[in-house]
Amino acid sequence: MIVMMRPSLLAALLLGLLSASARAAAKNPDTYTYLTISDADSMDPAWAYDTASDLIILNVYEPLVMFDKASTEKLIPILATQVPSKENGLISADGRTYTFPIRKGVKFHDGTPMTPEDVKYSIERFMLMDRAAGPSSLLLEPLTGHPSTRDERDQIIPGIFADVQRAVSVQGDKVILRLPRPFAPTLAILASWAPVVSKAWAIKNGDWDGTEETWRKFNNPSKETSPFFEKANGTGPFALDRWDRKTKEFILTRNDHYWRAPAKLKTVVVKGVNEFGTRKLMLEAGDADTIYADRPLLSQVQNLPGVQIIDDLPTVQMDPIVFFTFKINTVGNAFSGSGKLDGEGIPSDFFNDVDVRKGFAYSFDYKGFINDVWRGKGAQAHGAIPKSLPGYSARQQTYTFDRKKAEEHFKKAFGGQIWEKGFHFTIAFNSGNLPRQTVCQILKRNIESLNPKFKIDVRSIEWPTFLDAQNASKLPLFVLGWNADYPDPHNFAFPILHSKGNYPMIQKFRDPEMDRLVDEGMAETNTAKRKAIYAKLQAREFDEVPHLVIVDTVLYRTARSWVRGWFDNPIFPDAPYGSYFYTIYKE
Amino acid sequence: MFGVTALLFCCLQYLSPEMRASLYIKDPRQLSQLDAVIEKYGLRKPVYVQYGIWLKQVAQGDLGYSETAKMPVADAIRSFFPATFELTVMTFFPILIIGVIFGVLSAVYRDKLLDHITRFVAITGYSLPSFVLGLLLLMVFYGRLHWFPPGRFTLDTDMLVHGDSFRHWTGLLTLDCALNGQWAAALDVASHMVLPAATLLYISVALLLRITRSSMLEELTKDYVRTARAKGVPESVVIRKHALANALIPVVTLSSLLFIGLLSGVVITETVFDFPGIGRWGVQAAQQLDVPGVLGSTMLAAFLFVLANLISDILYAVVDPRIRVGN
């Protein structure tokens, strides 16, 4: 059984002693407040690749098309006037050309009109910025055939700018996308990514001017240099009034000149409050409309007057996942200790040894975690692809908690040196995430119990700082999750298993066979054959253990019952806690 | 101050030069420039040279960049300190008044009902963890009565103080709201500080009560008190003018320490009440090995400690005329 006690839980127990009375009328009916645990990383749509940032971006910027409310299949036009299809002739017969008629009369928050040129600029900028382990590969891959603008040696690929230019063009009031080969999820990707920014605003604020001469300067930039980092000028239903990083608070105000009917809410507040007890009290008092609450805290929010729990919400995600970094950046890195295999640290290639990884894999109590932390909601994950997607491999073997096997692998690792000398390093999770914290604690407890020379420290880090350390490959082992960018198994296979994907790039993990299978799976159009490829891929994943997948589960949402108009789309960032605020109102 | 920062600097030598250099780096791509950073800050040089370089930077107003606050350390202090200062002011004077008055009364009415009550308050206050008390107060006064919400202010005040027309005269929000003629906003900001202030007051006043009481009890048993009483000096004068004046020395010492403790930030209270003060930032900086942040917050604490010591030394002379500089 997992032993877990921390101030927030004790506080939660104390809070259970009292309960607030229900209040019938909606408090602050024009204002919607969501209390979460994380601050965002960046407001730049071409940089941000985390749910906290993308939640704000979803509400401030707009894509060409969007998922129709809760559907993860049906799309509606947003800044395009039609959703391209073969039937309406906007997708060519060979599936390689997409035509988007661009909506007229749409204005950015600064009052300037949105044009097809802005759409072109936004898509190009999204691809060419290509920050390491960022979202650019989502469009680079289908539109240019390259998952990155840089090669393995981190050098710019010759001709990549021309490829990007060739892929996006403007014809009158239309934007045309040309793909080197058919890529079925293209529209689903565009439903969430590369939202439209103002080219004129970008240039005025010192961003890329759209020319070939200057683009390299803006390729893989540092986060804070972008004018989009903390400012926003979109066309969305809400404008970013302020991001206060001191209080981890976003204030969004209604765009009264929105091209559709203005939102019913006047103001949206998204605020990071780390202490669960405080979040809960604010929900009870009606000062928060919804709060982030992990599964272990469900009993604390159940039966609160005026609060609604919606459980068993489907997910298209894999969370938590324990990632091993294959080439740890040990230079000046406190997380890896001495940086050597001397019992006081770990070397850069510590997790390069498959026996180390398997030792960790057999040290985790999967069943205990699912039963105690997840309250039995869910089943052990079978691979990187979740149950909700085709390609899920039900027959795939999984790891179990087995101390003997763990010991065997640790004894074999590094020719027996690890068992003899021991190790000491730090694992990290983002502050406030209780399940991820528990994963770290279970690993620490179980692994340290195998050998007194094995030492693991667990550290909580604020979200933006966590991402910075992770992107710098400084975290030897980190616990994170993956929420689908679009509902297709490729969006799990690529970012989690392909060497050019988001996580393998951070982990410095590369397996040519897996790369081949991921590419093959993407190109295959026959469903049965595709499933077979993904089954092979996940078998390989089991053997290589580049990470530990733990649970395939459902989520729940905690909100005031006066909240109306909310829908659950598991593809949306931070679902089901965060929301597309446009449809929400209170009564 | 020099002592504290020098000690901290010595402790940081435990980290390798590369590790310390990486703390100056904000972008992973700059890792290739570690040697340049090591050279610039003299991180391989003897500790006193490094300390000298750092002091020179500090003298130029450059305290470095806090990765935790995502801003320069000086800006972080400017940003977080006013909230803590306001909370301290709101808390400290009630602590002083209640602690001294009830400490004296408790000693004067030793073993009477008032003494029992104050001792009970002192013991419970001293033994209650601040997060438990904070949450209990929140549950009752916010969860039940909806009087005092957590955070810094409501959304209306938030919009007001960040609006173009609002002038930040002092950085102290309550005062600034009042100076802008926004009385409702001033009241709103003050109401958000009531519960954290009450939590700190209840926990901190306990110590002052106990010290004042025991100090008074000691003075009241001394010969000069007995003599004064024998000479027929009224009891109120004996207590106020004779015993209390002498009993105040340890009270002044403790008060200055309490003041520093409050000003340096009260982490748990700030966390429970979601109050953006300097304590929470300092702890986050320490957790995340944000060395410039840790050095900055420590330097501030050391500066406050020196200042408070100076003030308490002056106050010693005020409360006890026998104490003078040079004596």
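**What the words rest on**

Biologist: Why is B:Asp274 called buried?

Modeller: B:Asp274 has 25 other C-beta atoms within 10 Å. A residue is buried if 20 or more other C-beta atoms, placed from the backbone, lie within 10 Å of its own, partly exposed below that, and exposed if 12 or fewer. So B:Asp274 counts as buried. A quick word on the source: this is a predicted model, where local features need pLDDT of at least 70 and side-chain atom pairs count only at pLDDT 80 or more, while totals for chains, interfaces and linings use all residues. Residues are numbered from 1 along each chain as its sequence is written, and chains are lettered from A and ligands numbered from 1 in the order written.

Biologist: What is the phi of B:Asp274, and where does the residue lie?

Modeller: Its phi is positive, about 50°, although B:Asp274 is not a glycine. You'll find B:Asp274 in the loop between α13 and α14 of chain B. Most residues other than glycine have a negative phi.

Biologist: And what about A:Asp574: buried or exposed?

Modeller: A:Asp574 has 21 other C-beta atoms within 10 Å, so it is buried. A:Asp574 also has a positive phi, about 65°, and sits in the loop between β20 and β21 of chain A. A:Pro576 is in the loop between β20 and β21 too, and the peptide bond from A:Ala575 to A:Pro576 is cis, with omega near 5°.

Biologist: What makes α5(B) and α15(B) oblique to each other?

Modeller: These helices of chain B pack at about 50°, their axes 10 Å apart. Angles under 35 degrees count as roughly parallel, over 145 as roughly antiparallel, 65 to 115 as roughly perpendicular and the rest as oblique. Therefore α5(B) and α15(B) are oblique.

Biologist: Which residues make that contact?

Modeller: From α5(B) come B:Val73, B:Ala76 and B:Ile77, and from α15(B) come B:Pro292, B:Gly293, B:Gly296 and B:Leu300. Being in contact means C-beta atoms, placed from the backbone, within 7 Å.

Biologist: How many residues of chain B touch chain A?

Modeller: 39 residues of chain B are in contact with 38 residues of chain A. The largest share of chain B's side, 8 residues, comes from α7(B).

Conventions. Axes fitted to C-alpha atoms, helices over the stretch in contact; angles between N-to-C directions. Helix = DSSP H or I, 4+ residues; strand = E, 2+ residues; numbered from the N terminus. Contact = placed C-beta atoms within 7 Å.
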